[in-house]
Amino acid sequence: MENDFYDMWKNYYSKYSNLLDAQVTKEFPTQTISQILEMNLLFKQMLNETTERYYEFANLPSRNDLAHVSSQIVNVDAKVDDLEEFIQESKDNQRDTVEVQREITNLKKDMKSLDTKLNQILTLLNTPKVTNTKGSV
């Protein structure tokens, strides 16, 4: 009985494997699968369009709307960062300008002081010398 069962299984396997091989080699499975995939794609497109219309009708943002808003937020954030850097650079430049103005003012004071001292030296040099004429006999 053991051989009979083995032979029966062997016959069953060879018949159905040949039948399965014949079906797989035909275009039938690939055509069916491609049709099913195409139907799924069309169904998905229809669902996307229907959902988009529903969101528009219900005045709700769609995924594309949210992605667009998110992109704009990123752009605005980058511009704000650029403005912050520009303002910081402007403040730094203003500080530098104030320091330069202070240095110029101090330099002017020093120049006035030197000018006054130079004038004093010149006046001392230009004054006639007084000679003593009393002691000659």
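Reader: How many helices and strands are in the chain?

Author: The chain has three helices and zero strands. Here helices (H or I, at least four residues) and strands (E, at least two) are DSSP runs, numbered from the N terminus. This is a predicted model, where local features need pLDDT of at least 70 and side-chain atom pairs count only at pLDDT 80 or more, while totals for chains, interfaces and linings use all residues. Residues are numbered from 1 along each chain as its sequence is written, and side-chain values use heavy atoms, with hydrogens and water left out.

Reader: Thanks! What share of the residues count as buried?

Author: Of 137 residues, 1% count as buried. Buried means under 20% relative accessible area, exposed over 50%, and partly exposed in between (1.4 Å probe, protein chains only).

Reader: Let's look at serine 62. Is serine 62 buried or exposed?

Author: Serine 62 counts as buried, because its relative accessibility is 2%. You'll find serine 62 in the loop between α2 and α3.

Reader: And what is serine 62 in contact with?

Author: Leaving aside neighbours within four places in sequence, serine 62 is in contact with Glu52 and Tyr55. Contact means heavy atoms within 4.5 Å.

Reader: New topic: which residues line the largest pocket?

Author: The lining consists of Asn48, Thr51, Glu52, Tyr55, Ser62, Arg63, Asn64 and Leu66. On a 1 Å grid over the protein atoms alone, a pocket is an open set of points where a 1.4 Å probe fits, with protein on both sides within 12 Å along at least five of seven lines; lining residues have an atom within 4 Å of a point.

Reader: Which helix gives the most to that lining?

Author: That's α2, with four residues. Both α2 (28-57) and α3 (63-126) supply at least two residues each.

Reader: Last one: how many aromatic pairs does a search of the whole structure find?

Author: One aromatic pair turns up. The rings of tyrosine 54 and tyrosine 55 have centres 6.1 Å apart and planes at 50°, so the pair is tilted. Rings of Phe, Tyr and Trp (its six-membered ring) pair if their centres lie within 6.5 Å; planes under 30 degrees apart count as stacked, over 60 as edge-to-face and the rest as tilted.
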